[in-house]
Amino acid sequence: MTSPLVLPNNDILTNPQLTYHSLHPRVRAFSSMRKGGVSGGQYGEFNINPYCGDAPDAVMMNRKALCAELQIDDAHLLMAHQVHGTEARIIAEEFFSLSPSTRQRLLEGVDALITAIPHVCIGVSTADCIPVLLYDEEHHAAAAVHAGWRGTVARIVQKTVAAMQQSYHTQPAHLHACIGPGISLRHFEVGDEVYQAFAQAGFNMPAISQHMDKWHINLPECNRLQLLEVGVSDDRILSTGICTYEQVDAYFSARRLGIQSGRIYNGIILL
């Protein structure tokens, strides 16, 4: 573990460890790892999510360190309060002229963020759910999508692409996508009701599921197939293949650590 740096004014500058994704040269895309922060217990060490029960002071210090690493202002590090829905929020220039309370209100109940503003980090929190980062190279616009099983069933990634089409005239063939760290089919065991939710929503179940002792769903593959279905090219979809359940020492996993634990922040910045 790298020791946090104590500054002369007794502030602590942590050293966040990030997994960078080779999405496109004109963006910086990444997922935070567990090491390099000041949070303790099941939140240890690097968590910037204020909605999961972590100590506010630790969240603030970790957030400050991430802003320093990314070389952005705190106001330009955006995180929605996710609810496993399909609401996508466009972040335009006027967003930053609003009061902090209004900005926070606009981020409530949102599971995807979209922007065309450079040097603003939009991101989603995950701890087994699937993060999908999108980049439209033609219109220099990006999106960060939180796709848990409920969002995946409701096709949030396709709805986010549709929102980009409406706002920026995005052509799916020009999109680059990254499917970040999330739970794998092997470890995503579900009840019959979850399997039936996918089946009733019209998914190709042989392609995304496997019956072991119980049904298992392949959430990364399900989101990849949704991207292909709307016209994203297979060779433009980067799948990290990182299973959060298996790599719990490096990434947060709610199934391994419990709900009262830290979250991965999956961000994308237009350069």
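In this predicted model, the sulfur of Cys-121 lies 8.3 Å from the closest cysteine sulfur, which belongs to Cys-67, and this separation is too far for a bond. A disulfide would require the two sulfur atoms to be within 2.5 Å, and the structure as a whole holds 0 disulfides. Cys-129 is likewise in no disulfide, the nearest cysteine sulfur being that of Cys-243, at 13 Å.

The protein chain contains 8 helices and 16 strands. Its radius of gyration is 18 Å, which agrees with the value near 18 Å that a compact globule of 271 residues would have. Along the principal axes, the C-alpha atoms of the chain fill a box of roughly 60 × 45 × 30 Å. Of the 271 residues, 52% count as buried. When contacts between residues at least 6 apart in sequence are considered, 68% of them join residues that are at least 24 apart.

Strand S10, which spans residues 141–147, is largely enclosed by the rest of the structure, since 7 of its 7 residues are buried. Ala-141, Ala-143, Val-145 and Ala-147 point one way from S10, whereas Ala-142, Ala-144 and His-146 point the other way, and the residues of both sets are all buried. Two strands that pair with S10 can be described in turn. Strand S7, formed by residues 112–115, pairs with S10 in the antiparallel sense over 4 bridges, and within S7 and S10 Ile-114 stands opposite Ala-143. Strand S9, formed by residues 130–136, also pairs with S10 in the antiparallel sense, here over 7 bridges, and Tyr-135 has Ala-142 of S10 as its bridge partner. S9 and S10 form a hairpin with 4 residues between the strands, and in this hairpin His-140 takes a positive phi near 50°.

Tyr-135 is also one of the residues in contact with His-24, together with Glu-137 and His-176, when the neighbours of His-24 within four places in sequence are left aside. His-24 is placed in the loop between strand S3 (18–21) and strand S4 (27–32), and its relative accessibility of 18% means that His-24 counts as buried. Two interactions of the His-24 side chain may be noted: the side chain reaches the backbone nitrogen of Arg-26 at 3.0 Å, and it makes a polar contact with the side chain of Glu-137 at 3.4 Å.

The pairing of S12 with strand S14, which consists of residues 215–217, is antiparallel and extends over 2 bridges, with Glu-189 standing opposite His-216 in S14.

Definitions and conventions:
Residues numbered from 1 in each chain as written. Predicted model: local features only at pLDDT ≥ 70, side-chain atom pairs only at ≥ 80, totals over all residues. Heavy atoms only, no water. Buried < 20%, exposed > 50% of the residue type's maximum accessible area, 1.4 Å probe, protein only. Polar contact = N/O pair within 3.5 Å; in protein donor to acceptor, adjacent residues only side chain to side chain. Contact = heavy atoms within 4.5 Å. Pairing = 2+ DSSP bridges. Rg over C-alpha atoms; globule rule 2.2 N^0.38 Å.
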